[in-house]
Amino acid sequence: MQRVRHNRLNLALAHAALIAYTIIALFPVVIILINSFKTRKAIFRHPLQPPTPDTFSLIGYETVLKQGDYLHYFQNSLIVTVGSLFFILLFGAMAAFALSEYRFRGNTLMGLYLAIGIMIPIRLGTVAILQFMVATGLVNTLAALILVYTASGLPLAIFILSEFMRQVSADLKDAGRIDGLSEYRIFFRLVVPLVRPAMATVAVFNMIPIWNDLWFPLILAPGEATKTLTLGSQVFIGQFVTNWNAVLSGLSLAILPVMILYVIFSRQLIRGITSGAVK
Amino acid sequence: MGSLTLKDVCKSFGQVEVLHNISLEVEEGEFIIFVGPSGCGKSTLLRIIAGLEDATSGDVMIAGKRVNALPPSRRGIAMVFQTYALYPHLTVKKNMSLGLKQAGESRAVIEERVDKAAQMLELAPYLDRRPAELSGGQRQRVAIGRAVVREPELFLFDEPLSNLDAALRVNTRIEIAELHRRLGTTIVYVTHDQVEAMTLADRIVVLQDGHVEQVGSPMELYNDPDNIFVAGFIGSPAMNFLDAALLGEPDSVATIGLRPEAITLGDDGPIRGTISHLEHLGADTNIYVHVGDKLVTVRAFGQADFAVGAEVGLNFAPEAVYRFDKGGRRIR
Ligand SMILES: Nc1ncnc2c1ncn2[C@@H]1O[C@H](COP(=O)(O)OP(=O)(O)OP(=O)(O)O)[C@@H](O)[C@H]1O
Ligand SMILES: [Mg+2]
């Protein structure tokens, strides 16, 4: 009896803590969302009030979609994020497979070398990267951003994925070899499906920083054609006047695609966890 | 010509040598079992035959062809793993047919062989299930089915029964024996369970520390072991080893061996001891007797009764005594 009450108290406390955290985490997002649907005057006078028929306005969204090339920035951001994630996962998983599956001279050394990048922020190398991009003529291309993000995401991806791949049954891979599967088929058909939850984790870890990054787009691809969303939104923040309607609407729109990607990956995550549980 | 020949196969992992000059000739249709304690290199030897490991030196020949350089899928073998190793995302049917599909067999042939194997192993009702939806015994049968449909020259089994519970183990053991009788294919089978080895094998290869200790039929190994290791490993309960001085043997004999079932207890006998413990198994009784500081196992048929602590004599026929020299070699 006491145990039950004790558990219930625990449960209530846990829920209270989680609810509090959710409110704190969502508060700024909700403020941005409701204010993006209000007139400029209402934003400043009653910032916490939801839009009423009087104060409702879509002026922010209109400005955003008309001015600048918002949809184009959007597309750039999406290409860069999805492209980088694709290469991080592909090359990360392949390197992790090689490190965990094959015995060769220098295996450990190679693993360490690939993991060092976890400790060194890639921004320290900005100048060298810029020089390299200028020399190769990649400045102001999306490829430059994809290359940089792929490089910075790989160390952690390899580190995490090789741990998971070591846990994939060796007998399973050997069974594949006896059935005549090539090493590539073993990798893509047997191993990748089994480490999908880990790959989703890696994708989620990498996605947000890439989507939100301002540093590299500003340095490597500031041109109009290659501006990303974060960089493009800066036009509404002026030195003297800031178009708050547009900034808030722009931010609201920017949340959407990340959320969609997140839902896709997190479903993978959960499926992975539960399929392991009922095994 | 045998269906499998090993010639001076050696294997090292880095500096560590785990297999030393293994040579073996296996006849067509034979059921060969590798036994030995854990870590003696049974699995490694099997994996070298399969082509999953390279031999450091030596030759592997299957059906008269040297296969050292061939990948596993082209050696004409099929393997059943201890952990089943079924593809978790494929149905039973696809698990069984993947190898044939890779080998480029026509759909009709695949269909026919899978059906035949499913009939034989009673897997027909489960063909569309995934491995996760099967019991342990069913999974094991799927793993065997996956090997059967390949119609190999040589089956390789690596401790296929060790993940099953005792009752299922006996059933599956009988199924494997029937399978061998029906297909007549050569089987190389690894186990550390000597009962499995005795009941299934045509010939047993006893391995220790990467050496072949003895090769022979189960009864040859039981009746005529070459050395103290084989004598102690084959037979259950294990052979008793006693100091040769007890029987006044010549100096060249260091140890004598007596099978538990070769000893009878009486009031008198050349060796005397005290009863320490009794195990009643119904059909027979294991009696443990202290002889000096050694514990000797005696197996009496039927239900014998002795008082613990009583003094008894151990009797045996003179020809039941096995003699071994200092190095553990049998003196015949
Ligand atoms: N990949 C490897 N690298 C280094 N040493 C290995 C490797 N695989 C096996 N060994 C060593 O080789 C020896 C033989 O191993 P093996 O797996 O063949 O034993 P086993 O007889 O099958 O034992 P068990 O009955 O426990 O399965 C062991 O000492 C093991 O430590
Ligand atoms: Mg083994």
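Helix 1 of chain B, residues 42–50, gives the most to the shell around ligand 1, with three residues. Keep in mind, as you look around, that this is a predicted model.

**The ligand site**

Let's start with who is in the shell. Chain A is represented by A:Arg103, while chain B supplies B:Phe13, B:Val18, B:Ser38, B:Gly39, B:Cys40, B:Gly41, B:Lys42, B:Ser43, B:Thr44 and B:Glu159. Because residues from chains A and B surround ligand 1, the site is shared between chains.

| Residue | Atom on the protein side | Distance to an oxygen atom of ligand 1 |
|---|---|---|
| B:Ser38 | N or O atom in the side chain | 2.5 Å |
| B:Lys42 | polar side-chain atom | 2.8 Å |
| B:Cys40 | polar backbone atom | 3.2 Å |

How much of ligand 1 does the protein bury? Taken alone, ligand 1 exposes 630 Å², and the protein buries 59% of that.

**A sheet in chain B**

Now for a sheet in chain B. Four strands form an open sheet there, in the order 11-12-18-19, with antiparallel pairing. Its edge strands are strand 11 (240–243) and strand 19 (330–331), each of which pairs on one side only.

Strand 11 of chain B runs antiparallel to strand 12 (residues 255–258) of chain B, and four bridges join them. For a handy landmark, find B:Phe241, which stands opposite B:Gly257 in strand 12 of chain B. As a reminder, strands of a sheet pair through backbone hydrogen bonds, either parallel or antiparallel.

How values were computed
Residues are numbered from 1 along each chain as its sequence is written. Chains are lettered from A and ligands numbered from 1 in the order in which they are written. This is a predicted model: local features need pLDDT of at least 70, side-chain atom pairs count only at pLDDT 80 or more; totals for chains, interfaces and linings use all residues. Side-chain values use heavy atoms; hydrogens and water are left out. Two strands pair if DSSP finds at least two bridges between them. Helices (H or I, at least four residues) and strands (E, at least two) are DSSP runs, numbered from the N terminus. A residue is near a molecule or strand if one of its heavy atoms lies within 4 Å of it. A polar contact is a pair of N or O atoms within 3.5 Å; within protein, one must be able to donate a hydrogen and the other to accept it, and residues adjacent in sequence count only if both atoms are side-chain atoms. Accessible areas come from the Shrake-Rupley method with a 1.4 Å probe; for residues, only the protein chains shown count as cover.
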